[in-house]
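Today I opened a new model and kept short notes as I went. Have a look at it with me.

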Amino acid sequence: MEMNHKSGFIAIIGRPNVGKSTFMNHVIGQKIAIMSDKPQTTRNKIQGVLTHKDAQYIFIDTPGIHKPKHRLGDFMVKIAENTLNEVDAVLFMINADEGYGKGDQFIINRLQRVKSPVFLVINKIDLIHPDDLFPLIEKYKDLYDFEEIIPISALQGNNVNHLLEVLKTHLPEGPQYYRADQVTDHPERFIMSELIREKVLQLTREEIPHSIAVVIENIEKRDSNAIFIQATVITERKSQKGILIGKQGSMLKNIGKNARKDIETLLGTKVFLELWVKVQKDWRNKQSQLHEFGFSK
Ligand code: GDP
Ligand code: MG
Ligand code: K
């Protein structure tokens, strides 16, 4: 990994039609890793990954932040709020041509509890007179303590690079989570591995350290409504392998069962999950292995 490489998760929120998808298409272009448009239940979806030489931007969609229409909606809003606290940056996009609306107020209220830096992106500036921009900025400045306010036109590309540069200065140093070429195929990979990792840590309690890695080896569509996934849990110690597998494989089975449920929710399809455990000493320190595991170029 390069020194000073930055990477982070960025949530894009905003009312419908403000231009979120247009923005994604502009920054990621042909390489966009659009996931299925299936409604997500509890998890967020990765919309696209932008890989630069010195930074990787992972954009995620947080659908639940909008005003709920029913009770399940409240639950979704809660989850969305949690997500917004976990990401490295939040882009709150508005339409310059429409100005301030009720839907924005709902989101801004939710943002009051968000600790991550929030950027106001004023989109569609091509539709307004420059004189109208300043009052809009003033209005929003009064509503929330935005990290930065950046006017753009996602359609024409105005100021989009500037936005990315500003964003980069706020991203933490971190690895390239995705290989640039991996992104197009299965952007869900990272989430899948995180889900499995989460189950390992939950079910084994303190016995297994956070240094374990989960590698998604293979994703195969068996038929139109089932996906077959093979994954390996990598530990650094032989003793941990036994704990992970458990008595007659009971632990691994349990991990697999719980992870599978979450992955099914994520993908909206039936999943067969095959889990393996592998001991690989000191894997974290080995550049070549990082490569192999898809954590780096
Ligand atoms: P989303 O619902 O937030 O994802 O919004 P979309 O990206 O689907 O955009 C909604 C509409 O706004 C589409 O017709 C876009 O072409 C249009 N749009 C998006 N960005 C801009 C912009 O910067 N300028 C103009 N004039 N139109 C835009
Ligand atoms: Mg959209
Ligand atoms: K904040």
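My entries on a ligand, a strand and a helix follow.

I first noted that this is a predicted model, where local features need pLDDT of at least 70 and side-chain atom pairs count only at pLDDT 80 or more, while totals for chains, interfaces and linings use all residues. Residues are numbered from 1 along each chain as its sequence is written, and chains are lettered from A and ligands numbered from 1 in the order in which they are written.

**Ligand 1.** I looked up its shell and found 15 residues, the closest being G19, K20, S21, T22 and L155; near means that a C-beta atom, placed from the backbone, lies within 6 Å. Helix α1 (residues 20-28) gives the largest share, three residues. Helices are DSSP runs of H or I with at least four residues, strands are runs of E with at least two, and both are numbered from the N terminus.

**Strand β3.** Is this strand buried or exposed? I found seven of the seven residues in β3 (residues 55-61) buried, so the rest of the structure largely encloses the strand. Buried means 20 or more other C-beta atoms within 10 Å of a residue's own, with C-beta atoms placed from the backbone. A55, Y57, F59 and D61 cover one side, and Q56, I58 and I60 the other.

**Helix α8.** After α8 comes G268, with a positive phi near 70°.

Key. Buried ≥ 20, exposed ≤ 12 C-beta atoms within 10 Å, placed from the backbone.
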